[in-house]
Amino acid sequence: MSKLAYLGPEGTFTEEALRILAPEAERLPSPNVTAALEAVRRGEADGAVVPMENSLEGAITTTLDELARGESLLITAELLLPVEFSLLARPGTEVGHIKRVFSHPAAITQCRNFIARELPDAVVVAAPSTAAAAQEVALPGSPYDAAIAARIAGEHYGLVELAARIGDRTDTVTRFVQVSRPGPLPEPTGADRTSLVVFLADDHPGALQEMLTEFSVRGVNLSRIESRPTGDGIGRYFFHFEFEGHAADARVGEAISGLHRISARVRFLGSYPRADGLFPQIKRGTNDGDFADAAGWLSRVRTGQV
């Protein structure tokens, strides 16, 4: 049985994602994303499940930064999980008696309309995580009357659900990724995603455009690009790219080879099946057969077969 670390404590949305991605795995809760990934690097876990981006809040920058630094890890799978918040409290609590609410800042932001409407007089306090909030509320003598968290947190800590789906939007989704130490890539499915990090060789006009050209001329569709500070001084950044396709695809292989040529460093983060199962629209002249045909033609030209 494999052991997977995850962003804990028990009762987080990340645990829920792990249960779906690897239901048979032994679960190892970690205090933060960094600790979860380090558990994999040290061999204490076979892999980890961590959040990558949220449809409202955007990228999870801690995850981006941790994947860009330290020993290399590979993303092997992803999951899109609907984020549904619940108001959880100790048995016997009534909504009208709630004076102090505990939750993660992102959850508070995403439930602000419910809080204003149903808990207008309550003091809302930020917690390290939604699960930690539920854990605290469950303690005897807790100064908090209720937590905003995932329903799974209530199951873990013996809280009752006073209100369900209290987020301001019902279509919020978080993308989680499963990572492991480097090894064989998942086989191409035709509906894949590739992630990598690129460090600039030097800062000059058009540097970003040069990187983007490596994708565009080969018909590789970018799904996300993020710039993050390297930590080496003001104005120094690396770029996190995600795009359609698998490293085994000719167009993708050519693009990442091109990036390797023009960049200081490229960290490959993996090619893996897309959770939404969407197949890319491949431009004329950029499928594997087109690249093979062009290579054969060039080989003939170089031997004078014109």
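Which residues form a nonpolar patch on the surface?

1. W297, L298, V301 and V306 form this patch, and together they have about 430 Å² of accessible area. One of these residues, L298, is placed in helix α10, which runs over residues 288–302, and L298 is partly exposed at a relative accessible area of 33%. As with every point below, this comes from a predicted model.

2. For the chain as a whole, the secondary structure consists of 10 helices and 15 strands, and the C-alpha atoms fill a box of roughly 85 × 45 × 35 Å along the principal axes. Of the 306 residues in the chain, 45% are buried. The chain exposes about 14,700 Å², of which carbon and sulfur atoms supply 51%. Among contacts between residues at least 6 apart in sequence, 76% join residues at least 24 apart.

3. Helix α8, made of residues 207–216, has A207, M211, E214 and F215 among its residues, and these four are buried. They lie on the same side of α8, because they cover an arc of only 100° around the axis. The cover over the buried residues of α8 includes the strands β12 (192–199), β13 (222–229) and β14 (237–244), together with helix α9 (250–262).

4. R193 and Y272 are 79 residues apart in sequence, yet their C-alpha atoms are 5.6 Å apart in space. Beyond residues up to four places away in sequence, R193 touches a set of residues that includes R175, S223, E242, F243 and D276.

5. The count of salt bridges in the model comes to 20. One of them pairs R251 with D249, with the closest N and O atoms 3.9 Å apart; R251 is buried at 5% relative accessibility, and D249 is buried at 15%. E15 is buried at 1% relative accessibility, whereas R19 is partly exposed at 33%.

6. R151 and E161 also form a salt bridge, their closest N and O atoms being 3.1 Å apart. R151 lies in helix α7 (residues 151–157) and E161 in strand β10, so the pair ties together parts that are 10 residues apart in sequence. R151 is partly exposed at a relative accessible area of 45%, and E161 is likewise partly exposed at 34%.

7. S86, in strand β6 (residues 85–89), is buried at 3% relative accessibility. The side chain of S86 makes a polar contact of 2.5 Å with the side chain of E161. Once neighbours within four places in sequence are set aside, the residues in contact with S86 include A147, I148, R151, E161 and R165.

8. S103 lies in strand β7 (residues 100–103) and is buried, with 0% relative accessibility. Its side chain reaches the backbone oxygen of I148 at 2.7 Å. Leaving out residues up to four places away in sequence, S103 touches I108, V125, A126, A127, T130, A133 and I148.

9. Two points of backbone geometry deserve a check against the model. Most residues other than glycine have a negative phi, and most peptide bonds are trans. R165, which is not a glycine, has a positive phi of about 50°; R165 sits in the loop between β10 (160–163) and β11 (173–180) and is partly exposed, with a relative accessible area of 48%. G8 and P9 are joined by a cis peptide bond with an omega of about 5°, and P9 lies in the loop between β1 (3–7) and α1 (13–21).

Methods. Residues are numbered from 1 along each chain as its sequence is written. This is a predicted model: local features need pLDDT of at least 70, side-chain atom pairs count only at pLDDT 80 or more; totals for chains, interfaces and linings use all residues. Side-chain values use heavy atoms; hydrogens and water are left out. Patches are made of residues with over 30% relative accessible area and no salt bridge: like charges are joined within 9 Å, nonpolar side chains (Val, Leu, Ile, Met, Phe, Trp, Tyr) within 5 Å. Accessible areas come from the Shrake-Rupley method with a 1.4 Å probe; for residues, only the protein chains shown count as cover. A salt bridge is a side-chain nitrogen of Lys or Arg within 4 Å of a carboxyl oxygen of Asp or Glu. Helices (H or I, at least four residues) and strands (E, at least two) are DSSP runs, numbered from the N terminus. Buried means under 20% relative accessible area, exposed over 50%, partly exposed in between (1.4 Å probe, protein chains only). A polar contact is a pair of N or O atoms within 3.5 Å; within protein, one must be able to donate a hydrogen and the other to accept it, and residues adjacent in sequence count only if both atoms are side-chain atoms. Contact means heavy atoms within 4.5 Å. The arc is that of the directions from the helix axis to the C-beta atoms.
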